[in-house]
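Please consult the sequence and coordinates shown below while reading.

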Amino acid sequence: MEKGNHSCGTDFTLVGLFQYGHTDTFLFTVIILLFAVALIGNITLVHLIRLDRTLHTPMYFLLSQLSIIDMMYISTTVPKMAANFLSDTKTISFLGCVIQAFVFLTLGASEALLLGFMSYDRYIAICQPLHYPVLMSRKICCSMVAGAWSSSSINALVHTVYVFQLPFCGSRIVNHFFCEVPSLLPLVCEDTSQYEHTILLSGLVILLLPFLAILASYARVLVVVFRMGSGKGQSRAVSTCSSHLTVASLFYVTTLSTYTQPHSLHSPGRDKVVAVLYSIITPVLNPFIYSLRNKEVMGALRRHMG
């Protein structure tokens, strides 16, 4: 295949999630509403945790970091998608595409690692409560967050630099609503099968390992709770764990399906739907699943609302 011109001044064209029409206008409106709900929910949660001293604990510190990531995560894709839908142009500059891909990879990996740390926090709190102040000290919590951000940034930088130095074909039409590494690979004018093994390895380390850790920690938590013999405590634990696992599974399963498949098996239509689940739906659900079902958060909210 003939190599295309790979100049940094050449723009990409994003096909987008929608085309023009009544149905797509309705779906676009729904996504904008979800975007607003995600911002309001996560901002409220971060502000509440900062104001209320009863929420100044490791669990809520990690939860506030998750909310910050979710706000940035959904803001990386939806505003540009909205601007392209409302305007005649669907282009994104080369530099804009690089930045969007890097930020999205960084935030996605940070969320994956942070969700794993949050399950570890719950495991220590319930299964080893006497060691909790030592194992989840403020220093350790800050180290967890710093580790998640730094490792995710390095991972994203490596992938972004490598992908955008590859030669792209003449048609730079990205069949997606944002610049995501898997959606850019079909535009590359050389064999990327070896590089896809690297993506698979990154996906297994950053996505699969934390997901397995979450499943193991919640399984252990449920075992400990059921040994206590309290019917009310058991039902509450099952309800809480199931809701947390549902949201975590939605995020991990969808991202794994995108980042662990070779691009030859990808379907643009399916990829867009899956991307909506982990880039838009998950940031909307997280603040409600992790807070509205929590008596301490709801108590703090009622206190500050008078």
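## Disulfide bonds

The structure is a predicted model, and a search of the whole of it finds two disulfides. The torsion about its S-S bond is -115°, and the link of Cys97 and Cys179 is left-handed. Cys97 belongs to helix H3, whereas Cys179 sits in the loop between strand E3 (173–174) and helix H6 (181–184), so the bond ties together parts that are 82 residues apart in sequence. Cys97 has a relative accessible area of 0% and is therefore buried, the cut-off being under 20%. Cys179 is likewise buried, with a relative accessible area of 0%.

In the other pair, the sulfur atoms of Cys169 and Cys189 are 2.3 Å apart. When the bonded cysteines are numbered in sequence order, the pairing reads 1-3, 2-4. Cys141, in contrast, takes part in no disulfide; the nearest cysteine sulfur, belonging to Cys142, lies 6.9 Å away. Cys141 has a relative accessible area of 2% and so counts as buried.

In soluble globular proteins, nonpolar side chains tend to be buried together. Here, the largest nonpolar core holds 80 residues, of which Phe12, Phe164, Leu184 and Tyr252 touch the most other members. Helix H3 (residues 94–127) supplies the largest share of this core, with 14 residues.

Which residues does Tyr252 contact, leaving aside neighbours within four places in sequence? Tyr252 is in contact with Glu111, Ala112, Leu115, Gly116, Leu207, Pro210, Phe211 and Ile214.

## Helix H5 and Ser152

Helix H5 has 27 residues, which at 1.5 Å a residue should span 39 Å; the end C-alpha atoms are 39 Å apart, in agreement with that value. The buried residues of H5 are Cys141, Met144, Val145, Ala148, Ser152, Asn155, Ala156, His159, Thr160, Val163 and Phe164. An α-helix has 3.6 residues a turn, so residues three or four places apart point the same way. The cover over the buried residues of H5 includes strand E1 (12–14), helix H2 (58–86), H3, H6 and H7.

Ser152 is located in this helix, which comprises residues 138–164. Because its relative accessibility is 0%, Ser152 counts as buried. The side chain of Ser152 reaches the backbone nitrogen of Ser110 at 3.1 Å. Apart from residues up to four places away in sequence, Ser152 touches Thr106, Ala109, Ser110 and Leu113.

## Helix H7

How far apart are the end C-alpha atoms of H7, and what span should its 36 residues have at 1.5 Å a residue? The end C-alpha atoms of H7 are 51 Å apart, which agrees with the 52 Å that the helix should span. H7 also bends by about 35° at Leu204.

Key
Residues numbered from 1 in each chain as written. Predicted model: local features only at pLDDT ≥ 70, side-chain atom pairs only at ≥ 80, totals over all residues. Heavy atoms only, no water. Core = buried A, V, L, I, M, F, W, Y, C linked by side-chain atoms within 4.5 Å. Buried < 20%, exposed > 50% of the residue type's maximum accessible area, 1.4 Å probe, protein only. Helix = DSSP H or I, 4+ residues; strand = E, 2+ residues; numbered from the N terminus. Contact = heavy atoms within 4.5 Å. Polar contact = N/O pair within 3.5 Å; in protein donor to acceptor, adjacent residues only side chain to side chain. Disulfide = S-S within 2.5 Å. Expected span 1.5 Å × (residues − 1). Bend = angle between axes of the 7 residues up to and from the residue.
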